[in-house]
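Subject: Structure handover

Hello,

Here is the structure for you to look through. Please open it first, then read my notes below.

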Amino acid sequence: MTAPESSATMEGALPAWVQRWLAPAVGFTLFVAALLVLRRELHAVGYHELSTAVFSRDASVLALAVLLTALNYLVLTGYDLLALRYVGRPLPVARVAFASFVAYAIQHNVGFGWVSGASVRYRFYSRWGVTPAELSRIVFFYTTTFWLGLLVLGGLTLLLDPLPALHQLPGRQLSGAFGALLLALCLAYAVAAVRRRGALRLGRLELSLPAPTIVAGQFALSLLDWMLAAAVAWVLLPAGRPAFPLFVGAFLVAQLLSMISHVPGGVGVFETLLVLLLKPVLPAAEVLPALLLFRVVYYLLPLALALVLLVGDELLQRRDQARRVTAAFGSLTVELAPRLLAVFVFLGGAVLLFSGATPSEHSRLRWLERFLPLGVLELSHFVGSVVGVGLLLLSRGIARRLDASWHLAVTGLGLGVVASLFKGGDYEEATLLALLLVVLVRARGEFDRKAAFFGGRFSPGWVAALVAVVGASVWLGFFSFRHADYSRQLWWSFELRGDASRFLRASVGAAVALLAFGASRLLRPAPPELSLPSAEDLDAAAAVIATQDSASACLVYMGDKAVLFDADRRGFVMYGVRGETWVALGDPVGPDEGRPGLVRAFLERCDDFDGTPVFYEVARDRLHLYADFGLSFVKLGEEARVPLRGFSLEGGGAKQLRQSLRRLEREGCDFRLLDAPEVVARLPDLRAVSDEWLSRKDAAEKGFSLGFFSDDYLRRLPVAVLARGPRIEAFANVWTGQRRVELSVDMMRYRETAPPGVMEALFVHLMLWGQQQGYQWFNLGMAPLSGLEESPLAPWWNRIAGFLFEYGEAFYNFQGLRAYKEKFRPTWEPRYLVYPGGLALPRIMADVAALVAGSYRRILLK
């Protein structure tokens, strides 16, 4: 039993901040409602009765629950084996079992916020040869398999014997019809698999229905999965439990509604729903202890084992990398171990808070009293709860791989171990924290980021989880000590059996720590604007550019983009920010072996500020850099590159180019290439040409990926001019490289008095000059939206872009630009936009366009 990894989005329907906060707010509200319902249902039950019921469960029953859990995870492996057979990519069973167990253990507990099952699978399956397209089909396949069992069992439950709790609801007469509808959907899927031939297309995903034998396997595995998952909880119920078919129906409803709640793992929501659904059969006091054990056996134990396996695999990969010269997979993917460790650090904080909100074992307290003064016991209890809040806060930094967070988390876990032992002899709790401490220390190499903990934003889901855990600990404390006399004297009561007093003081300490953190966030200085590069940064970038083949990296000299260097400043990413979209221009600049690290660094920078990462105008031969991080891509257009070794003005194809040169000669125009000192001297003349051109075109300066007139920008590069005597008629700044591979131009401007075809002639002169200097290519830049597939089966973006290319001349000269560049007989190479996927593409495109134009208002202006 596992939740699917798809969710509906409302991109564009609501403001972005509402979309970010909506799901966490709904989940938090449902979690609070679940606590209130539980408090009402448990009004006649005390903490001691519940804890006794939990810890008195027979060992044979627990062993049976563990065995059923193991069988269930074995069935889940069948999901993946069948999916791999469906895509035609069989893998060894042991590998599939390893990857699927880790994926499902994480998926069950964490939900969709931090780590998804698809991300875990991508980590392992791509290492074993599975492509991103195949992985998409695998995810679709096992998600379908998941729903088949739910629909069949749910339909049968509603059709044959509705739950007693549903009898009280309006419209209960329709439950049978609804159950029949669910069964009909499953039957339709089976019939379609038998009768339909050909592919289904869902967006960019093309799918073929499985063969009938595979569909039969889907039904069998899904039914067995759901029944085993329900059986784990059913065997943990005490005597007098309902019949298994009745319990399966209640279990299905509770699981489905808890998934809809968006609460990770359905914590609290699932338990409350099952308590209510089983209320006619079993009282809450007997159901809740069984469900707490189910949470430990079915969720937490597999998650702990998955953590050990994942960290072990991470360490193994790093050891293997040390023996290899080529880049290894571990450095190319977003590390999962830190994110899973963050979950466990968060859980460790929750354990300390919940422990501080419940009574201590009095026999252990009396034993501690013989060795420790009461003051140490009181202080340990207080420190334990404050450290618990600290671990909750630090979990975010652990997920971001921050060095400082690792040190503080290690210190906090060490203090937690000591506090657990000293406050009540809780050796079980201390053992768990110590094990987590050992794993965290072993994973030291993962935490190498030096970013500030307070420098990034905190996601809405994380904030909601933080407040929910602290609130739940307070709820648990008041439930545990509901019969205490809450008076002023209780606050100042210090005695061995004063658990309620210690709970109050510890809760206030935890709340103060949380409020102090919130205040520091609210009162901190406003985040700095996008930090633009200094002259020293541009000089460092120039040293990197000198080692590159591509000339487009010279756009960094414009100084309007932030620059993210790697640790030794041998590579960089230049980027801009518009709204929530962080746009890196081009591929990372630097040595090939350093590019994956720069991609990861940029993704982490975006994650720090809850931004959407985008890479704009990337080359086809580097798409694998982004696919390794699970990013998607769409084609933007094609870039024209003229091979200079074969460039010639001979032949009929170059007739128009020869005419442009002769026209210039008749007009008395000369071609010159100004070096840096000459550019500085002629800057006033160049500005005069630029100002006249902008005024005549009624245009505004652009930016980001298009050059604008700037003295600092121009003085760093040569400038090609066409002049009549001392008067400059046209100019273009030239991107050159010391390796003499690629030559290009950026900003092109000319006077009204310039001869017709002046820029065309300027290009020809530059190509001939570059050919003489030994350059291999002349880059004419990109023709947007050109070269996209126009098939009816093409993705929706291709179809929209193709329509704009054909009919959008009123907004942009798409076809004319392509035709103009075709005169030089270039080689066309595709360029792509890389983004996280989903339905955010329209917003991303608008943000990129606004970044280039300077504002949203100026997108449609010249």
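A nonpolar surface patch, as meant here, joins nonpolar side chains within 5 Å, each from a residue with over 30% relative accessible area and no salt bridge. Keep in mind that this is a predicted model.

**The surface patch**

Which residues make the nonpolar surface patch? They are Leu 64, Leu 67, Leu 71 and Leu 74. The patch covers about 370 Å². Take Leu 74 as an example. Leu 74 sits in helix H3, which spans residues 59–87. Its relative accessibility is 57%, so Leu 74 counts as exposed.

**A buried leucine**

Now compare another leucine. Leu 228 belongs to helix H8, residues 212–236. Is Leu 228 buried or exposed? Leu 228 is buried, because its relative accessible area is 12% and the cut-off for buried is under 20%. Look also at Val 75. Leu 228 and Val 75 are 153 residues apart along the chain, yet their C-alpha atoms are separated by 9.0 Å.

**The cavity**

Next, the inside. Rolling a probe the size of a water molecule over the atoms shows where empty space is left. How many cavities of 30 Å³ or more does the structure hold? It holds one. The largest cavity has a volume of about 70 Å³.

Helix H12 (337–356), helix H17 (460–480) and helix H19 (499–523) each supply at least two lining residues. H19 gives the most, with four residues. The lining of the largest cavity includes Leu 353, Gly 356, Val 470, Ser 473, Phe 503 and Ala 510. Sorted by class, the lining has seven nonpolar residues, four polar residues and no charged ones.

**The salt bridges**

Last, the charges. Side chains of opposite charge can pair when their charged atoms come close. The structure holds 35 salt bridges. Here are some to find on screen.

- Asp 537 and Arg 569 form a salt bridge, and their closest N and O atoms are 2.9 Å apart. Asp 537 lies in helix H20 (residues 535–545), while Arg 569 lies in the loop between strand S3 (562–565) and strand S4 (572–578), so the pair ties together parts that are 32 residues apart in sequence. Asp 537 is partly exposed, at 21% relative accessibility. Arg 569 is partly exposed too, with a relative accessible area of 37%.

- Asp 592 and Arg 595 form a salt bridge, with closest N and O atoms 3.0 Å apart. Asp 592 is exposed, at 55% relative accessibility. Arg 595 is buried, with a relative accessible area of 4%.

- Glu 829 and Arg 641 form a salt bridge, and the closest N and O atoms are 3.2 Å apart. This pair links distant parts of the chain: Glu 829 is in strand S13 (residues 827–835), Arg 641 is in strand S7 (residues 632–643), and they are 188 residues apart. Arg 641 is buried, with a relative accessible area of 12%.

Some charged residues join into a network. Which residues are linked in this network of salt bridges? They are Arg 364, Lys 423, Asp 426, Glu 428 and Glu 429.

Best wishes

Note on methods:
Residues are numbered from 1 along each chain as its sequence is written. This is a predicted model: local features need pLDDT of at least 70, side-chain atom pairs count only at pLDDT 80 or more; totals for chains, interfaces and linings use all residues. Side-chain values use heavy atoms; hydrogens and water are left out. Patches are made of residues with over 30% relative accessible area and no salt bridge: like charges are joined within 9 Å, nonpolar side chains (Val, Leu, Ile, Met, Phe, Trp, Tyr) within 5 Å. Accessible areas come from the Shrake-Rupley method with a 1.4 Å probe; for residues, only the protein chains shown count as cover. A salt bridge is a side-chain nitrogen of Lys or Arg within 4 Å of a carboxyl oxygen of Asp or Glu. Buried means under 20% relative accessible area, exposed over 50%, partly exposed in between (1.4 Å probe, protein chains only). On a 1 Å grid over the protein atoms alone, a cavity is a set of points where a 1.4 Å probe fits but cannot get out, and a pocket is an open set with protein on both sides within 12 Å along at least five of seven lines; lining residues have an atom within 4 Å of a point. Grid points are joined across faces, edges and corners, and a volume is the space filled by probe spheres set on the points. Ala, Val, Leu, Ile, Met, Phe, Trp, Tyr, Cys and Pro count as nonpolar, Asp, Glu, Lys and Arg as charged, and the others, Gly among them, as polar.
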